[in-house]
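Here's a quick briefing for anyone meeting this structure for the first time.

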Amino acid sequence: VSDIIKAMHDQAKKVSFVYRSQFTSEPAEKLAQKLNELIGADEDYWSFFVNSGSEATETAMKIAIQHWQEQGKDRKQKILSRWISYHGITLGALSMSGHVKRRERFVPLLEDYPNVAAPYCYRCSFQQTYPECQLFCANDLETAIKRIGAEHIAAFIAEPIVGAAGGVIVPPLGYYQHIKDICDRHQILFIADEVMT
């Protein structure tokens, strides 16, 4: 602990804080390089450091929208998400969150992003049983895409294992393979809000 406090103190004497999108620092660059080494990535991979999970999911949302804008697909601005999910408390992150109690006070301010059932076999939204259900919950993504139109959807965000909204809900086998296939076919990015794992 004392090593960490010393490192924080030494850094604060140099630069205490600058916003990341316009500035960088040597420690941030070293951390990004170390992350690339740990995952076996080359210098083409970028890291963007943020202060919170809410800021991380909102940044991912903006990156997804900008990705499609730069390809001339400006209409792809909607983010799909699941009910029984939590992506943060800021307005953008809360709009992507399907946690009813956290949303209820702010509904008039929020986007209607949660559209898809969670992969919650114990309390299945469709009263189905796995594996006979043939991944009804994953197929719900396809239904939402057809209802809204893939030309309007930039990304689908999900927690690989549902955490704060459901207390560790693990999807059934094959769920994410099916989700990937649906996203790929409709040119929709997948954002993994990786917290529990």
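**A quick tour**

The largest cavity has a volume of about 80 Å³. A cavity here is a set of points, on a 1 Å grid over the protein atoms alone, where a 1.4 Å probe fits but cannot get out; grid points are joined across faces, edges and corners, and a volume is the space filled by probe spheres set on the points. Keep in mind that this is a predicted model, where local features need pLDDT of at least 70, side-chain atom pairs count only at pLDDT 80 or more, and totals for chains, interfaces and linings use all residues. Residues are numbered from 1 along each chain as its sequence is written, and side-chain values use heavy atoms, with hydrogens and water left out.

**Overall layout**

- The protein has 7 helices and 4 strands (DSSP runs of H or I with at least four residues, or of E with at least two, numbered from the N terminus).
- Along the sequence they come in the order α-α-α-β-α-α-β-α-β-α-β.
- Of the 197 residues, 37% count as buried (under 20% relative accessible area with a 1.4 Å probe, protein chains only; exposed is over 50%, partly exposed in between).

- Searching the whole structure turns up 1 cavity of 30 Å³ or more.
- The largest cavity is lined by 13 residues (those with an atom within 4 Å of a point), and Tyr120, Cys121, Cys124, Cys133 and Cys137 lie nearest its centre.
- The second largest pocket (an open set with protein on both sides within 12 Å along at least five of seven lines) has a volume of about 160 Å³.
- Lining that pocket are Leu35, Asn36, Ile39, Tyr45, Trp46, Ser47 and Phe48.

**A surface patch**

- Leu31, Leu35, Leu38, Ile39 and Tyr45 make up a nonpolar surface patch with about 540 Å² of accessible area together. Patch members have over 30% relative accessible area and no salt bridge, and nonpolar side chains are joined within 5 Å.
- Ile39 sits in helix α2 (residues 26-39) and is exposed, at 62% relative accessible area.

- Most residues other than glycine have a negative phi, and most peptide bonds are trans.
- The Tyr130 to Pro131 peptide bond is cis, with omega near 10°, and Pro131 is in the loop between β2 (114-116) and α6 (136-148).
- Gln134 is in the loop between β2 and α6, with a positive phi of about 55°.
- Val168 has phi near 75° and lies in the loop between β3 (153-158) and α7 (175-185).

Key. Patch = residues over 30% accessible without salt bridge, like charges linked within 9 Å, V, L, I, M, F, W, Y side chains within 5 Å. Areas by Shrake-Rupley, 256 points an atom, 1.4 Å probe, with all protein chains shown as cover. Salt bridge = Lys/Arg side-chain N within 4 Å of Asp/Glu carboxyl O.
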